[in-house]
Amino acid sequence: MSAPVDPALRQAAQGLEAMLLRQMIGAMRAGSVGDALTGSDAQNQFRDMLDARLADTMAAQGGGIGLADQIARQLGGAAR
């Protein structure tokens with residue numbers, strides 16, 4: 001049975017997972033063909049904000065991809 005994880009540690013681990021997800025989404029978006037004719041700086045900025053929000057939501061809901069749980073467990077055990 002595992003000990004409960006400190007909420008601050010869990011939040012930090014979730015933030016790290018969200019940052020990784022932002023990087024992954026950005027890399028996937030960079031690999032796409034894109035809109036060369038209709039793309040603008042404003043559209044790109046909005047897309048970046050949308051990607052960041054998507055990553056934050058993915059990390060927060062349903063356990064994300066599981067990275068935050070692993071990090072929190074690993075660091076929680078190391079703090080003892």
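1. Leu9 lies in helix α1; helices here are DSSP runs of H or I with at least four residues, strands are runs of E with at least two, and both are numbered from the N terminus. Leu9 and Leu75 are 66 residues apart along the chain, and their C-alpha atoms are separated by 8.0 Å. With neighbours within four places in sequence left aside, Leu9 is in contact (heavy atoms within 4.5 Å) with Ala72, Leu75 and Gly76.

2. The model is a predicted one, in which local features need pLDDT of at least 70 and side-chain atom pairs count only at pLDDT 80 or more, while totals for chains, interfaces and linings use all residues. Residues are numbered from 1 along each chain as its sequence is written, and side-chain values use heavy atoms, with hydrogens and water left out.

3. The chain has 3 helices and 0 strands, and its elements run α-α-α from the N terminus on. Of its 80 residues, 15% count as buried. The cut-offs are under 20% relative accessible area for buried, over 50% for exposed and in between for partly exposed, with a 1.4 Å probe and protein chains only. Among contacts in the chain with a separation of 6 or more, 87% are between residues 24 or more positions apart.

4. Helix α1 covers residues 7-30, which is 24 residues. The expected span is 1.5 Å times one less than the number of residues. For α1 this gives 34 Å, and the end C-alpha atoms are 34 Å apart, so the two values agree.

5. Which residues of α1 are buried? They are Ala13, Glu17, Ala18, Leu21 and Ile25.

6. Not counting residues up to four places away in sequence, Glu17 touches Ala59, Gly63, Gly64, Ile65, Gly66, Leu67 and Ala68.

7. Helix α2 (residues 41-60) packs against α1 at an angle of about 135°, with the axes 8 Å apart. Axes are lines fitted to C-alpha atoms, for helices over the stretch in contact, and angles run from 0 to 180 degrees between N-to-C directions. The two helices are therefore oblique to each other: angles under 35 degrees count as roughly parallel, over 145 as roughly antiparallel, 65 to 115 as roughly perpendicular, and the rest as oblique.

8. On the α1 side of this contact are Gln14, Glu17, Ala18, Leu21, Arg22, Ile25 and Arg29; on the α2 side are Arg47, Asp51, Ala52, Leu54, Ala55, Asp56, Met58, Ala59 and Ala60. These residues divide into 9 nonpolar, 1 polar and 6 charged. Ala, Val, Leu, Ile, Met, Phe, Trp, Tyr, Cys and Pro count as nonpolar, Asp, Glu, Lys and Arg as charged, and the others, Gly among them, as polar.

9. Is Asp51 buried or exposed? Asp51, placed in helix α2, is buried because its relative accessible area is 7%. Leaving aside neighbours within four places in sequence, Asp51 is in contact with Arg22, Ile25 and Arg29.

10. Arg47 also belongs to helix α2. Its relative accessibility is 22%, so Arg47 counts as partly exposed. Arg47 and Gly26 are 21 residues apart in sequence, with 9.6 Å between their C-alpha atoms.
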